[in-house]
Amino acid sequence: MRSEMARFACIQILNSQAAQSINFAIGPYRITGASYLKVAAALLTGDIAVDVNPSRLKPDQGAMYLPGENEFVVRTAALTATLVQRMTVVHESTHAAIDIQGFRYDDTWSDNEAAAYVAGALYMYKTSLSSIWDGDTSIDLMTRVEPWATAFRIAASISSGNPNVPAKDAIDLRAKIKGSQPYKRLGMTFGTRLLSDGIRRR
Ligand SMILES: [Zn+2]
């Protein structure tokens with residue numbers, strides 16, 4: 001179901017100070033606050049849509065972004081309710097930001113996911129609600145499971161200083177992603193492509 005509430009929740013999260021302070025480069029991508037402003041603008045114009053429809057998601061999928069359809073699929077319209085929900089919006093919006101950057105020959109699905117995981121981890125480090133996170137054991141647990149553990153280690157290492165993720169760390173994260181569910185189930189390899197084709201409607 002198309003949801004105005006979900007659409008505006010995404011825009012609110014992308015305009016937040018925590019999302020706007022994200023700035024890093026990994027593999028072929030550079031992601032900044034401006035990347036998320038472009039996603040927010042596309043949500044505002046309807047060039048990117050939001051479908052609240054858990055039946056389109058696998059049990060181990062929090063949400064997804066479809067670069068062909070230019071569409072987010074989410075479980076709930078109440079996307080600002082929890083830190084993990086907000087982080088999920090930042091993760092999927094990173095895929096959307098890469099889609100907006102358009103087609104390139106040198107990217108892969110695992111590069112794309114690595115960027116989204118680092119962005120999600122950076123968002124969680126930068127959110128003003130980190131005091132809530134400190135007391136939340138479910139988040140504490142999540143950060144110890146791969147690929148999260150590696151994404152958080154990388155986010156911590158770049159959150160103050162050089163925003164460029166070293167190639168060695170990027171490969172490490174891509175390997176952890178490739179080896180984890182649901183990507184393993186979907187047969188992801190280092191070479192699997194994901195077509196980020198821009199969001200202009202024909
Ligand atoms: Zn993803």
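The axes of α1 and α4 come within 10 Å of each other and cross at roughly 85 degrees. Angles from 65 to 115 degrees count as roughly perpendicular, so α1 is roughly perpendicular to α4. The model is a predicted one.

**Contact of α1 with α4**

- On the α1 side, the contact is made by C10, I13 and L14.
- On the α4 side, R86, V89, V90 and S93 take part.
- Sorted by class, this contact of α1 with α4 comprises five nonpolar residues, one polar residue and one charged residue.

**Contact of α3 with α4**

- Helix α3, residues 33–45, packs against α4 at an angle of about 90 degrees, and the two axes are 9 Å apart.
- That angle makes α3 roughly perpendicular to α4.
- The residues of α3 in this contact are S35, Y36, K38, V39 and A42.
- Their counterparts in α4 are S93, A96, A97 and I100.
- The residues of the contact of α3 with α4 divide into six nonpolar, two polar and one charged.
- S93 of α4 is listed in the contact with α1, and S93 is also listed in the contact with α3.

**The sheet**

- Three strands make up an open sheet with mixed pairing, in the order β3-β5-β4.
- The edge strands are β3 (49–52) and β4 (63–66), each of which pairs on one side only.
- From one strand to the next, the twist averages 20 degrees.
- Strands β3 and β5 (residues 71–74) run parallel and are joined by four bridges.
- Within this pair, V50 stands opposite F72 of β5.
- Strand β3 has a covered face, formed by V50 and V52, and an uncovered face, formed by A49 and D51.

**Helices packed on the sheet**

- Helix α1 (residues 4–15) packs on the sheet and touches β3 and β5.
- The direction of α1 makes about 120 degrees with that of β3.
- Helix α4 (residues 83–101) also packs on the sheet, where it touches β4 and β5.
- The direction of α4 makes about 15 degrees with that of β4.

**Helix α5**

- Helix α5 covers residues 109–126, and its 18 residues should span 26 Å at 1.5 Å a residue.
- The end C-alpha atoms of α5 are 26 Å apart, which agrees with that expectation.
- Of the 18 residues of α5, 16 are buried, so the helix is largely enclosed by the rest of the structure.

**Backbone features**

- N70 has a positive phi of about 55 degrees, although N70 is not a glycine.
- The position of N70 is in the loop between β4 and β5.
- A residue counts as buried if 20 or more other C-beta atoms lie within 10 Å of its own; N70 has 20 such atoms within 10 Å and is therefore buried.
- The peptide bond from E146 to P147 is cis, with omega near 5 degrees.
- P147 is located in the loop between α7 (137–142) and α8 (148–158).
- A cis peptide bond also runs from Q181 to P182, where omega is near 0 degrees.
- P182 is located in the segment after α9 (167–178).

Terms used
Residues are numbered from 1 along each chain as its sequence is written. This is a predicted model: local features need pLDDT of at least 70, side-chain atom pairs count only at pLDDT 80 or more; totals for chains, interfaces and linings use all residues. Two strands pair if DSSP finds at least two bridges between them. Helices (H or I, at least four residues) and strands (E, at least two) are DSSP runs, numbered from the N terminus. Axes are lines fitted to C-alpha atoms, for helices over the stretch in contact, and angles run from 0 to 180 degrees between N-to-C directions. Two residues are in contact if their C-beta atoms, placed from the backbone, lie within 7 Å. Angles under 35 degrees count as roughly parallel, over 145 as roughly antiparallel, 65 to 115 as roughly perpendicular and the rest as oblique. Ala, Val, Leu, Ile, Met, Phe, Trp, Tyr, Cys and Pro count as nonpolar, Asp, Glu, Lys and Arg as charged, and the others, Gly among them, as polar. A residue is buried if 20 or more other C-beta atoms lie within 10 Å of its own, exposed if 12 or fewer, and partly exposed in between; C-beta atoms are placed from the backbone. The expected span of a helix is 1.5 Å times one less than its number of residues.
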